[in-house]
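Dear colleague,

I am handing over the structure below, and after it you will find a short account of what was found. Please read the account with the model open beside you.

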Amino acid sequence: MSRIDISKKVLLITFLIFGILTAAFTLTHNMQLSNFLELEYVDTLDNVERVQNAISTEQGYLDRTVQDWACWNDTYRFVEDKNQNYTDTNLQNQTLTGIKVNVMLFVNKSGSVVCAKSVDFYTGEEKPIPEKLLRMVEDGTLLSKSENDTKSGFVLLDENPMFVACHPILTTKYTGPMKGTLIFGRYFDDNLFNYFKDSTRSSLLMYTVDEELPPDFQAKLNNLSYNPDKIFVEPLNDNIIAGYFELQDISGKPALIMRADFPRELYMYGEKTLDNMYFFLFLTAIMTGVGVKFAFDRLFISRLIGIDNFVTKVRSEKDLSRRLSLKNDDELYRLSREINGMLNEIELAEQELKAQEREKKVLLDSLNELAIFVDPELKIIWANKAALEFMKIDLQKAVGLCLKKAPDISSPLSDYLRLEQIFVTGNKKSGEFTAKDGKVWFVQAIPVTEEEDGKIIGVLKMCRDITESKAAETLLQEKQVAEAANRTKSEFLANISHELRTPLNSIIGFSDLLYEQVYGELNERQLKSVGNISKSGKHLLNLINGILDLSKVEAGKMELSYKQFELASKLTTIKNLLSPIADRKNIQIEIDMDSSLSNIYADEARFVQIMYNLVDNAIKFSYDNGLVKIGARKKGDMVEITVTDTGIGIKPEDQSKLFKPFSQVDSFLSKQFQGTGLGLSLVKQIVQLHGGYIWFRSEPEKGSTFAFAIPIKGGKGKEGTTESDSKVQD
């Protein structure tokens with residue numbers, strides 16, 4: 001660590017803190033600005049409601065005025081008798097001007113207009129009644145249907161929109177029967193519109209829904225059609241915010257849409273205040289960061305760099321006698337004091353370790369076994385004298401060397417014991433191993449753990465040469481086994497050959513003559529009995545021949561008679577030979593052969609024996625209506641033959657019994673399916689005599705596949721085995 005490095009880190013931390021503060025300030029600024037936007041929205045709603053209240057007040061005034069006139073005994077009688085005195089007294093132009101009403105319509109209960117009057121109350125001049133208003137009287141839109149049926153709203157006329165109030169004509173005591181409807185109207189003209197502007201101190205715009213609307217009005221009209229009572233607030237630009245609302249006609253449908261504009265003083269003031277406040281905070285954060293960095297550099301970092309330089313120098317020079325100079329009574333002083341104390345303890349511990357290592361080296365170097373200690377990466381940490389001499393390197397070169405790359409010793413100590421698994425399982429492993437040079441080693445690997453947490457820190461591997469003792473032991477055992485086997489086999493072969501085969505041939509021969517009725521005719525039961533004698537005799541003879549063949553193979557006395565023959569023809573012969581047996585269970589036999597295969601060079605009779613055993617087993621263990629498939633493929637310079645069935649399959653726990661003489665998968669199958677248990681064992685031996693190998697796969701209730709491969713041109717090839725390799729002893 002250098003001065004520049006730690007300064008950069010402090011600067012990076014300062015910038016990080018500054019960035020966090022900036023982000024916090026920005027977030028807070030936006031939140032506060034959002035609050036001002038909300039306040040602006042609420043304030044705009046209040047201002048728009050003031051405009052609505054002013055319009056509602058005007059409509060309310062007209063409603064109360066028409067109610068006063070409609071519920072008056074004089075009006076009640078006038079609709080009936082149309083007396084001139086009421087007209088002269090109450091229906092003068094100045095009367096309408098005084099109550100600020102442009103239009104009066106008296107309609108009797110039959111719907112006929114009794115009296116109509118229209119005045120411009122600004123000039124006092126009488127005006128014609130609007131035609132549209134009269135049509136609405138005729139169609140009943142403005143007429144009250146009952147004593148409690150009042151109507152209020154706007155009517156869109158050609159001249160201007162009009163406030164309209166309709167009330168049933170009743171007595172002064174508000175009783176009936178209803179005599180008709182009194183209709184008052186006032187134009188919503190420019191004077192009234194300007195009055196609303198002045199009284200609410202608002203900038204207003206108004207459009208009727210039946211005229212062409214600007215885009216923003218049209219958009220808000222569409223929204224108001226779903227929410228007619230809602231006020232829509234929207235900023236028009238940075239300086240103006242507007243509120244839109246609609247006014248309904250006498251039938252409750254949209255008639256007018258209005259927009260009230262207001263300056264965005266509250267928002268702009270809030271934004272300016274926040275900008276000034278956060279600029280001050282930003283400037284304060286910069287000054288604080290610069291001051292903190294300067295203080296850290298002066299008070300702490302320079303001293304930390306001195307401590308770091310001291311530790312680096314001690315480590316590089318491996319001089320544990322050095323000590324830090326102590327000054328100031330603070331945390332760094334106490335750190336320096338602890339470092340000095342730690343150096344004292346390390347120096348003492350190092351001296352003690354050196355003494356222990358000398359003792360350990362003397363002890364382990366006196367052993368004849370090879371001893372090597374490796375870490376979890378299989379790198380050599382230590383090796384005794386015998387191991388170093390075996391590897392022909394010194395300890396300095398061996399330390400740090402991967403065991404798998406170590407000369408002469410990698411295989412017995414690494415590959416065989418699979419040391420990586422010991423670090424995972426924590427189990428000790430040992431076993432015997434035969435090296436490529438023929439030497440036999442007893443190898444052992446012991447995990448070494450820490451006392452505190454039990455963590456494996458390495459593995460101690462021991463290797464002892466037991467070639468001579470193992471060879472002597474093996475020779476003795478082999479001699480004893482061979483002598484006993486030879487005696488037993490010789491006696492067995494002699495007895496079988498003389499005592500069984502000769503009388504069996506006679507039994508089979510004479511039973512066949514009797515079955516063919518050479519000596520005279522036999523009845524059906526006699527023929528069946530004689531046939532069973534012949535069949536059983538042949539089965540027993542096959543068993544004896546199989547035993548003899550197996551004995552010859554194991555004794556190394558079986559010789560192969562190689563000749564060239566056509567593979568396809570021979571497979572077809574096997575199929576034809578076993579088809580009668582397959583037909584009994586309605587099993588199909590198919591041959592799938594590689595077109596590039598023609599002739600092979602092998603012992604023809606033994607090849608037939610192999611195929612007969614495999615196909616016969618496939619038929620024997622297949623279900624009725626099944627399928628047996630014979631396949632032949634070229635695999636390099638070998639031919640691979642497969643026999644697949646769809647039968648009962650073989651359980652995993654029984655698969656180890658295959659290819660063993662006199663062994664079948666279980667007693668139940670032995671009883672259900674006839675067999676000696678020699679077929680597969682002979683097949684394996686004959687295949688290996690050809691220089692080939694055999695394998696299988698099987699799933700219970702799904703079937704099995706048996707396959708073997710032999711050289712196409714004969715001769716010894718790659719020998720295989722179906723049995724597992726030797727296991728490591730744990």
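A contact here means that heavy atoms lie within 4.5 Å. Among contacts in the chain between residues at least 6 apart in sequence, those that join residues at least 24 apart make up 61%. Please keep in mind that this is a predicted model. The chain has 19 helices and 22 strands, and 39% of its 730 residues are buried.

Among the residues making the contact are Ile610 and Leu614 of helix 17, together with Leu682 and Ile686 of helix 19. The residues of this contact divide into seven nonpolar, four polar and one charged.

The salt bridges come next, and the count is 14. In one of them the side chains of Arg186 and Glu58 meet, at 2.2 Å from N to O. Arg186 belongs to strand 6 (residues 180-187) and Glu58 to helix 1 (residues 3-70), so the pair ties together parts that are 128 residues apart in sequence. Arg186 counts as buried, at 7% relative accessibility, and Glu58 is buried too, with a relative accessible area of 12%. Lys702, by contrast, is exposed, with a relative accessible area of 59%, and forms a salt bridge with Glu699 in which the closest N and O atoms are 3.6 Å apart. Finally, a network of salt bridges links Asp216, Arg259 and Asp261.

Notes: Residues are numbered from 1 along each chain as its sequence is written. This is a predicted model: local features need pLDDT of at least 70, side-chain atom pairs count only at pLDDT 80 or more; totals for chains, interfaces and linings use all residues. Side-chain values use heavy atoms; hydrogens and water are left out. Helices (H or I, at least four residues) and strands (E, at least two) are DSSP runs, numbered from the N terminus. Ala, Val, Leu, Ile, Met, Phe, Trp, Tyr, Cys and Pro count as nonpolar, Asp, Glu, Lys and Arg as charged, and the others, Gly among them, as polar. Buried means under 20% relative accessible area, exposed over 50%, partly exposed in between (1.4 Å probe, protein chains only). A salt bridge is a side-chain nitrogen of Lys or Arg within 4 Å of a carboxyl oxygen of Asp or Glu.
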